[in-house]
Amino acid sequence: MASTPGTTAPAAPTWQDRAVLAWPLALALVLCLPLYLRAGHPLARDLVFVPRQPFTDATWGLGDVAPRAVPLDAVVATLTHVVDGGVLARVVLPVTLALLGWGVARLVVPLGRTAQLAASGFAVWNAYVVERLALGQWALLLGCAALPWLGGRRDALPGRGPTRRPAGCRVDRGGRADAGRRRLLAVAGLAVACLPHLRRTTAAVAAGVLLQLPWVVAAVTGPAGSTSDASGVAVFAPDTESRFGPVVALLGLGGIWDRASEPATRATAVALVAAVVVVVVLAVGVPLLVRAWGPGDAVRWVVLSAVLGGTALLAATPWGQSGLVGLVDTVPGAGLLRDTQKLLAPVVVLASAAFGACAARLVALLGRVEGAWAGVVVVALLPVLLLPDATVRTWATVAPVRLPDDLGRAAEVLDGTPGVVVTLPWRAYRSFDWAHGGVLTSSDPATRMVDADVVTSDSLQVGPVLVPGESPLAAEIGAALAQGPPAAVLPDLGVTRVVLYPDDPDAATVDTSGLEPVLRTPVVEVFRVPGAEPAARAGTTVRRLAVLGAHAVALGVLLVAIGVLLAGAVRRRRPRGGDRRKSARGVRDADPPVMYPDAR
């Protein structure tokens with residue numbers, strides 16, 4: 001159908017356009033493949049999805065623990081009231097990874113389709129993404145995926161054609177992560193992306209701060225301590241099984257503190273090769289990106305990556321850890337910096353874009369040499385070749401399990417319980433015989449399934465080190481349980497129900513004498529604590545109003561941002577007067593300068 005006068009018909013997507021869209025999605029689906037091979041819900045490490053997540057005080061950040069999952073839990077709870085949590089996981093996980101790849105592809109539009117294909121694949125398949133997915137931290141990856149959209153270019157996605165705007169700062173506000181590190185990372189990305197435009201920077205940072213109000217207000221008004229335990233600095237420092245050490249691991253975009261999340265090849269000479277590849281790609285690719293983006297955008301990405309990536313490298317040194325210990329001990333909120341490998345997120349984006357630039361340059365050098373496209377295929381597959389066993393770790397984590405019906409029965413019995421519900425044995429992570437054969441641990445599903453105030457231990461056991469949590473109530477319960485049986489020590493703390501998992505290796509050590517059985521199954525047992533009364537909480541009404549008000553403000557800012565983006569999209573599609581005159585004369589807009597032969 002012919003286009004109407006004064007408008008320009010969008011170009012039909014080519015097979016190259018479709019390949020750029022399909023390649024990162026295909027890699028994401030491979031990393032999450034077990035989700036589509038069996039029924040059930042993910043339940044491993046930090047990756048926990050349940051059929052229907054209720055709205056509780058903890059959902060809004062009104063519980064006694066640090067609001068680490070605010071406001072993401074509210075979003076997930078809302079969505080699971082529409083679709084089953086298992087369906088949600090099958091959509092959210094691969095789309096999060098694909099969004100990262102598509103966002104990076106969007107950054108390198110000026111360099112052509114080869115650059116987009118290579119960059120998007122590198123963004124999805126690298127040590128950082130694989131290790132964090134293996135740990136189940138999909139919300140962190142969602143924050144990483146938001147970076148190229150928050151602070152990137154406004155070039156169109158494949159199939160829509162590039163814009164004619166200069167490469168100056170354009171900010172798309174979107175994306176949300178669940179913990180302070182991810183939120184601060186997003187605000188930093190906004191600020192750096194907009195500099196040195198003062199007005200734009202002020203607006204972006206103000207909007208970013210307002211979007212953080214739900215967890216900030218919940219943390220400030222809550223009972224959790226303002227400072228974290230410094231013992232976590234050494235525990236969460238960059239680490240690796242490789243003999244080349246954590247610095248090499250970080251240069252290769254790996255180095256996660258949890259060794260169970262590290263692919264086996266990361267402990268071999270392949271890790272050294274990966275580090276060399278990343279360093280060379282950055283050294284060669286960043287100057288090419290400067291030419292494509294202009295010095296403004298390139299410098300902003302380099303500064304953001306250098307500052308955060310440099311912090312991660314610093315934490316891999318003994319004197320860097322010593323300085324971080326002092327910071328965590330004295331500065332409120334500095335505990336967010338303990339897991340410094342997370343700060344590599346902008347480096348992942350920059351390295352991926354640089355990899356795409358190098359791939360485009362290689363195509364330009366090869367030209368029409370016979371067999372040149374074989375080299376392009378090898379370059380596109382290089383991320384997979386550098387991490388061939390990525391799926392060994394990710395598949396174990398994302399593999400769904402069938403939640404026993406007895407868990408649902410226990411949730412129904414506990415729904416609406418006044419006071420506090422405690423799960424035993426007392427620990428943060430637990431394993432189940434019916435889930436992964438008891439090999440993998442996961443956070444307690446009761447915290448997401450039960451419509452009540454469920455409290456578990458928030459102290460994390462990492463090897464021989466126990467990193468204390470931040471909840472005063474959890475600390476009191478843990479100390480009380482160490483002094484006597486639950487029936488004797490829990491009533492004074494407002495604990496009205498106890499949940500026991502019989503298949504836990506330490507279940508036999510739990511003294512249930514004096515507790516009144518409410519439900520007993522091979523999977524879960526529920527007891528009532530005689531004589532317990534819900535404890536009154538000081539300042540509950542004021543805190544509730546403050547936290548819920550913060551959620552309302554953040555939601556309003558988000559809706560306004562979406563409205564502004566939609567209005568801008570409409571304006572960009574609406575032809576201007578000059579465009580109408582040009583169209584009438586049959587004059588086409590000039591194409592942007594082409595850097596490489598395959599640039600479109």
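This is a short chat about one predicted protein model.

Visitor: What should I know before looking?
Guide: The model is predicted: local features need pLDDT of at least 70, side-chain atom pairs count only at pLDDT 80 or more, and totals for chains, interfaces and linings use all residues. Residues are numbered from 1 along each chain as its sequence is written, and side-chain values use heavy atoms, with hydrogens and water left out.

Visitor: How many helices and strands are in the protein chain?
Guide: The protein chain has 24 helices and twelve strands. These are DSSP runs, numbered from the N terminus: helices are H or I with at least four residues, strands are E with at least two.

Visitor: What share of the residues is buried?
Guide: Of the 600 residues in the protein chain, 52% are buried. Buried means under 20% relative accessible area, exposed over 50%, and partly exposed in between (1.4 Å probe, protein chains only).

Visitor: And V284, where is that?
Guide: V284 sits in helix α13, residues 269-293. Its relative accessibility is 43%, so V284 counts as partly exposed.

Visitor: New topic. At what angle do α10 and α23 cross?
Guide: Roughly 165 degrees, and their axes come within 8 Å. Axes are lines fitted to C-alpha atoms, for helices over the stretch in contact, and angles run from 0 to 180 degrees between N-to-C directions.

Visitor: Roughly parallel or antiparallel, then?
Guide: α10 and α23 are therefore roughly antiparallel to each other. Angles under 35 degrees count as roughly parallel, over 145 as roughly antiparallel, 65 to 115 as roughly perpendicular and the rest as oblique.
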